Amino acid sequence: MALANGLIDLRSDTVTPPTPEMRRAMARAEVGDDVFGDDPTVNRLQERAAALTGQEAGLFVASGTMGNLVALLTHCERGQEVIVGASSHIYLNEVGGMAALGGLLACPIANQPDGTLSLEAIAENIRSEDVHHPRTRLVCLENTQNICGGVPLPVDCVKSAAALAHGRGLKLHVDGARLFNAAVALGVDAAELAGPADSVMFCLSKGLCAPVGSVLCGPADFIAEARRYRKQVGGGMRQAGILAAAGLVALDTMIERLEDDHANARRLAAGLCGLPGLAFDPGEPATNMVYFNVTARARVTPDELVDRLRAHGIVLDGNGTARFRVVTHYWVNPADVDRTVDAFRAVLA
Ligand SMILES: *Cc1c(COP(=O)(O)O)cnc(C)c1O
């Protein structure tokens with residue numbers, strides 16, 4: 001079940017091409033001009049995304065980064081401060097867009113090892129009203145938390161962060177790029193994880209396999225305002241129903257099967273963890289990500305590991321450091337996992 005190029009690509013769940021059913025839906029999608037609000041397929045996707053996340057309305061955006069940016073622009077005014085995890089995608093991996101494009105200050109606080117932000121740390125970092133201070137406006141959570149191991153944040157964590165934020169007059173945004181991985185792993189509805197927040201973004205283009213796009217969801221008046229910011233950042237797309245059609249197939253057919261990706265991640269971790277030269281974080285993978293370090297005692301350097309596995313048809317994301325993230329997805333089946341373990345063994349043992 002490897003990709004068309006025959007490779008087992010474990011760099012990310014973003015490498016997933018659309019399924020044949022998605023391509024058929026795209027070919028026959030009914031479309032209109034979405035900037036006029038006229039694209040029936042986009043409208044259907046947005047309604048379905050809102051229902052699934054326990055929010056009133058949705059807005060189809062080009063990427064997760066755009067969805068988060070538009071959310072921050074809509075919630076905050078220039079010069080205001082946003083409490084984010086120090087290991088969050090918004091803080092580390094969105095090119096500083098909140099500062100560069102929104103004039104917003106990040107107030108990073110350390111993620112706890114389980115990916116959550118401590119309520120005490122959030123509370124302590126909310127600014128008091130003082131002529132010298134920026135005003136804190138927003139708290140952001142990430143679910144699943146990518147860098148902390150692809151860990152799902154439980155319902156209680158989102159509810160208590162929302163209660164704290166609302167009690168202090170702030171809003172809560174959830175970067176739910178992999179919200180459905182979290183929901184499936186926890187055995188809860190995505191609406192339970194996203195409903196308490198004031199906005200949530202999730203990606204269609206990752207484990208759900210759609211080729212392009214994310215959806216930002218929230219109250220109807222918030223989404224109406226977000227539509228203006230989406231246009232401002234150049235995200236008003238026209239016959240976007242071609243893309244939304246794949247997104248609808250993703251929501252209909254790809255959510256429950258995420259459990260297969262999680263099982264494959266556990267299978268991969270179990271197969272790799274006895275090999276010499278690899279050090280794993282404690283515990284099983286919670287979702288579709290396996291993190292490990294290549295130790296100084298390994299037979300190969302991290303770069304050599306990447307090169308040698310490539311010769312076996314296995315693609316890893318080598319970032320030059322000893323830390324690796326390996327991600328399972330729709331185009332990786334249990335036989336591919338076993339082939340991957342065999343290749344690692346050949347390179348390391
Ligand atoms: C991938 C990702 C995003 C951004 O999505 P893009 O579509 O790549 O812009 C945001 N947050 C998290 C946690 C992600 O993993």
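This is a predicted model: local features need pLDDT of at least 70, side-chain atom pairs count only at pLDDT 80 or more; totals for chains, interfaces and linings use all residues.
Biologist: Start with the ligand. How many residues surround the ligand?
Modeller: 14 residues surround the ligand. A residue is near a molecule if one of its heavy atoms lies within 4 Å of it. The closest are Gly64, Thr65, Asp175, Arg178 and Lys206.

Biologist: How far is an oxygen atom of the ligand from the side chain of threonine 65?
Modeller: An N or O atom in the threonine 65 side chain is 2.6 Å from a ligand oxygen. For arginine 178, the distance from a side-chain N or O atom to a ligand oxygen is 2.8 Å. A polar side-chain atom of lysine 206 is 2.9 Å from an oxygen atom of the ligand. A polar contact is a pair of N or O atoms within 3.5 Å; within protein, one must be able to donate a hydrogen and the other to accept it, and residues adjacent in sequence count only if both atoms are side-chain atoms.

Biologist: And how much of the ligand does the protein bury?
Modeller: Taken alone, the ligand exposes 380 Å², and the protein buries 84% of that. Accessible areas come from the Shrake-Rupley method with a 1.4 Å probe; for residues, only the protein chains shown count as cover.

Biologist: Where does the largest share of the shell come from?
Modeller: Helix 3 gives the largest share, 3 residues. Helix 3 (64-75) and strand 7 (199-203) each supply at least two. Helices (H or I, at least four residues) and strands (E, at least two) are DSSP runs, numbered from the N terminus.

Biologist: What is the shell like by class?
Modeller: The shell has 3 nonpolar, 6 polar and 5 charged residues. Ala, Val, Leu, Ile, Met, Phe, Trp, Tyr, Cys and Pro count as nonpolar, Asp, Glu, Lys and Arg as charged, and the others, Gly among them, as polar.

Biologist: New topic. Which residues of helix 1 are buried?
Modeller: In helix 1 (residues 20-27), Met22, Ala25 and Met26 are buried. Buried means under 20% relative accessible area, exposed over 50%, partly exposed in between (1.4 Å probe, protein chains only).

Biologist: Why are they on the same side?
Modeller: They cover an arc of only 100 degrees around the axis, which puts them on the same side of helix 1. The arc is that of the directions from the helix axis to the C-beta atoms. Arg23 and Ala27 are exposed on the other side. Helix 11 (241-253) is part of what covers the buried residues.

Biologist: What about helix 8?
Modeller: In helix 8 (residues 179-186), Leu179, Phe180, Asn181, Ala182 and Ala183 are buried. They pack against helix 2, helix 9 (190-194), strand 7, helix 11 and helix 12 (258-272). Just after helix 8, glycine 187 has a positive phi of about 70 degrees.

Biologist: Which residues have a positive phi although not a glycine?
Modeller: Valine 95 is one, at about 60 degrees. Cysteine 209 is another, at about 80 degrees. Most residues other than glycine have a negative phi, and most peptide bonds are trans.

Biologist: Which peptide bond is cis?
Modeller: The bond from asparagine 143 to threonine 144 is cis, with omega near 0 degrees. Threonine 144 is in the loop between strand 5 (136-142) and helix 7 (155-167).

Technical notes: Residues are numbered from 1 along each chain as its sequence is written. Side-chain values use heavy atoms; hydrogens and water are left out. Contact means heavy atoms within 4.5 Å.
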